[in-house]
Amino acid sequence: MSEPKKILRALAGETLETPPIWMMRQAGRYLPEYRATRAQAGDFLSLCYNSELAAEVTLQPIRRYGFDAAILFADILLLPQALGADLWFVTGEGPRLSTTTTADQLAALKDKDAIHEVLNPVYDTVKILSSELPSETTLIGFAGAPWTVATYMIAGRGTKDQGPAHALKAENRDVFEGILDLLTVSTVEYLSKQIEAGAEVVKLFDSWAGSLKGEDFDRYALAPARKIIAALKERHPNIPVIAFPREAGDKYIGFAKATGADCVAVDNSVSAEWVARNVQVDGCVQGNLASSHMVTGGQALVDETRRIVKALSGGPHIFNLGHGITPNADPENVQLMIDTVRGG
Ligand code: CP3
């Protein structure tokens, strides 16, 4: 047997001398080779559904930087599309969807078992990657968490404060909870298929978890994650799960234990020292360099990277950004971050 991969060792709770590293949105517009392949595909969604080209852009940052993990190239909004919502992207603005806010619109969506017809190309991407990735690189599959995906389905677009989803929660709780329940069971099917195709780890992105407060957080961020993880663990007991309840703040504490996640990813609004004391005590953590350093670079990038590595050196840690890298980032700064993590 070959050496277990570094990411899998960290996820199993091992404290490594040098943390493994990958980066959210590592395949993205800051890379000229990504922009070229996206142009070849035509547009972003065509790229997501073209298995050969989606695999190609997933591999680009692995070739350029040798990250310890590759994340499947797709998007969290492909699942609502597979459930029957219309989805398109407006250049320079972001995603648009047909809205789901009434009982009739919810009833018109498809069943969880009908999603694969649309999502089959995604599973094919995973299959290509699992045969083409270097043997030391871990393949991560992913889905959006129900609350975050629901915020887009309810508003029909990205919103600053998730206002339309909060309003539906207050005004028609049955429809709101019906959307979350459908997404919860569908996400289990979607991630199971990614695992069967070759994903070795899966990550649940709850980008807007921070706008759920108090009991709402427990009901609509924590509980769906717990249900999804329990169902996955029953089918695939050896596949680790990373949960990312972004901007959860104090609610990061105990999240891994309460949901069964093997690792909690943290954003950069909490300090690495705080994370070590309050979150890493329960197991592996991932994070949390501010992605703005990929734009600004320099000594501040080096100092902050070293500080995070040191603060989290007493337990299992996967180095990452606190959120996705932005299109205006400099590819050289990514190399500087990697050299700093690996070279000290
Ligand atoms: O991390 C990766 O490299 C894997 C691929 C991935 C993408 N989106 C590709 C993408 C992943 C894991 C996502 C997750 C995703 N998508 C999230 C959760 C994580 C987060 O960033 O908070 C969300 C909220 C979405 C929805 C989404 N997709 C939005 C709001 C946008 C538009 C904003 C933007 O950055 O342009 C996207 C588009 C998108 N998804 C791009 C990429 C590379 C850019 C599209 C392009 O190439 O034009």
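Sorted by class, the shell around the ligand holds 14 nonpolar, three polar and four charged residues; here Ala, Val, Leu, Ile, Met, Phe, Trp, Tyr, Cys and Pro count as nonpolar, Asp, Glu, Lys and Arg as charged, and the others, Gly among them, as polar. The model is a predicted one, in which local features need pLDDT of at least 70 and side-chain atom pairs count only at pLDDT 80 or more, while totals for chains, interfaces and linings use all residues. Residues are numbered from 1 along each chain as its sequence is written, and side-chain values use heavy atoms, with hydrogens and water left out.

In all, 21 residues surround the ligand, each with a heavy atom within 4 Å of it. Arg 29, Tyr 34, Arg 38, Asp 75 and Ser 207 are the closest. Polar contacts (pairs of N or O atoms within 3.5 Å) show up too: an oxygen atom of the ligand lies 2.5 Å from a side-chain N or O atom of Ser 207. For the side chain of Arg 29 the corresponding distance is 2.6 Å, and for that of His 323 it is 2.7 Å. On its own the ligand has 870 Å² of accessible area, and the protein covers 87% of that (Shrake-Rupley method, 1.4 Å probe).

Turning to the aromatic rings, there are 10 pairs, counted when ring centres of Phe, Tyr or Trp (its six-membered ring) lie within 6.5 Å. Phe 176 and Tyr 220 have ring centres 4.9 Å apart and planes at 90 degrees, so they pair edge-to-face (planes over 60 degrees apart). This pair links distant parts of the chain, 44 residues apart: Phe 176 belongs to helix 10 (residues 173-197) and Tyr 220 to helix 11 (residues 214-235), helices being DSSP runs of H or I with at least four residues, numbered from the N terminus.

Methods: Polar contact = N/O pair within 3.5 Å; in protein donor to acceptor, adjacent residues only side chain to side chain. Phe/Tyr/Trp six-rings, centres within 6.5 Å; stacked < 30°, edge-to-face > 60°. Helix = DSSP H or I, 4+ residues; strand = E, 2+ residues; numbered from the N terminus.
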